[in-house]
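Subject: Structure handover

Hi,

Here is the structure I promised to pass on. Please open it next to this email.

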Amino acid sequence: MSRHIDFAHRAETALPGLDPARLREAMIAEALEHGLEVMQEANGGVAVLTAYGRYTLVSQAGKAHASIESPRADWLFALKEALTEKVSALHTGAVEEMRWSDALPEGIRPPNFQFVEIRAITAVGRDFLRVTVGAEDLSAFGDDAIHFRLVLPAPGDAEPEWPRIAANGATIWPKGEKALHRPVYTVRQIDMTRGELTFDLFVHEGGRATDWARSVRIGSRVGLTGPGGGGIPKTFGITLYADETGFPAAARILEALPPEATGHAVLSARVGAACGYPLPTHPGVQVHWRAGESSTRLADRAIAERATHEAHSLWFAAEKAGAQKLRVWCKANGVDLRDHYVAAFWTQGNWT
């Protein structure tokens, strides 16, 4: 995203009780970790440019003050939520005192939250379930943000509590026994005419979402937040690496690439190509299947092959250890992560 974009939506808030220098340090560290652009402001502040807009932090009379700008209202809300989470990690009291200039009415549901109805669940290949839901509003979903969060109540909770807006403009999520489970998925297909969204869920034992998908009844209602996350890269050359959790996004990318695009994809599944996941074919992208290859091994492949594919967009989605290894290598070797996508889609020992 260019810094010259006209940001039509803006919100700001004071951050009482929070050390401006501490927040500035945390913002810069996180921006560098994710390959985001950091700009030093003339007044001593700092701005971070993301795919959704811009954060700006300044010190006013020794107190922290933040503003957010975005070209879209839903993206602005997502950025506000992300900053609130960061502030909460540094100083809970500061969150309680935040008051956004465009604060929504207290008690309403968040604008990026909606209810969806389960319409179909079918098996896909050996290890996936394809879930189709009827949604209230899919107008915000497109190729620039292809992920979302499913919002599931605790097992057996017949009267779940859903998120609502607090006085400070942040989302209040239920806690304790009413806590909601919020795994991230990739939108596989959208049918605007029918108001339906389809996603593929990787089946793994012990996963809460897997247990839910195996037992949920057609017609049941759950929540959804989004869209969010990365979009489909606009490129004519790509090298793509993914384990099963990244297959749905890889499929979206292969479908969206222009016909003249070239590249290759390395996909790791427990049983390789025998997993049967229906991956679209692309005339210029070769697909190489690997059986049970770890995320760190996928990262090693990406590193070893980078020299011969320097002009390609790099796209990587797998377990956290591999993503971290590849990010470290990219930073050390001058690969600007703002032009590529390297993400951890899950963490060992923490299946959802």
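Some ground rules come before the findings. This is a predicted model: local features need pLDDT of at least 70, side-chain atom pairs count only at pLDDT 80 or more, and totals for chains, interfaces and linings use all residues. Residues are numbered from 1 along each chain as its sequence is written, and side-chain values use heavy atoms, with hydrogens and water left out.

Overall

The protein has 7 helices and 18 strands. Both are DSSP runs, numbered from the N terminus: helices are H or I with at least four residues, strands are E with at least two. The radius of gyration is 21 Å, close to the 20 Å from the globule rule for 352 residues, so the protein is as compact as a globular protein of that length. (That radius is taken over C-alpha atoms; the rule is 2.2 Å times the number of residues to the power 0.38.) The C-alpha trace spans about 60 × 50 × 40 Å along its principal axes.

Of the 352 residues, 51% count as buried. Buried means under 20% relative accessible area, exposed over 50%, and partly exposed in between, with a 1.4 Å probe and protein chains only. The accessible surface comes to about 16500 Å², and 49% of that belongs to carbon and sulfur atoms. These areas come from the Shrake-Rupley method with a 1.4 Å probe.

Contacts are counted when heavy atoms lie within 4.5 Å. Among contacts with a separation of 6 or more, 67% are between residues 24 or more positions apart.

Phe128, Arg130, Thr132 and Gly134 point one way. Leu129, Val131, Val133 and Ala135 point the other way. In a regular strand the side chains alternate between the two faces of the sheet.

Two strands pair if DSSP finds at least two bridges between them. E6 and E7 run antiparallel, joined by 8 bridges. Isoleucine 118 stands opposite valine 133 in E7. The two strands form a hairpin with 3 residues between them. Glycine 125, in the turn, has a positive phi of about 60°.

E7 also pairs with strand E12 (residues 196–202), again antiparallel, through 7 bridges. There, threonine 132 has threonine 198 of E12 as its bridge partner.

Strand E13

Look at threonine 225 in E13. Phenylalanine 113 is bridged to threonine 225, and arginine 149 stands opposite threonine 225.

Helix H5

Helix H5 (residues 247–256) is mostly covered, with 8 of its 10 residues buried. Among them are Phe247, Pro248, Arg252, Ile253 and Leu254.

Lysine 63

Buried or exposed: which is lysine 63? At 58% relative accessibility, lysine 63 counts as exposed. Lysine 63 lies in strand E5 (residues 63–70). Beyond its neighbours within four places in sequence, lysine 63 is in contact with Pro20 and Val58. Proline 20 is 43 residues away along the chain, yet the two C-alpha atoms are separated by 6.2 Å.

Best wishes
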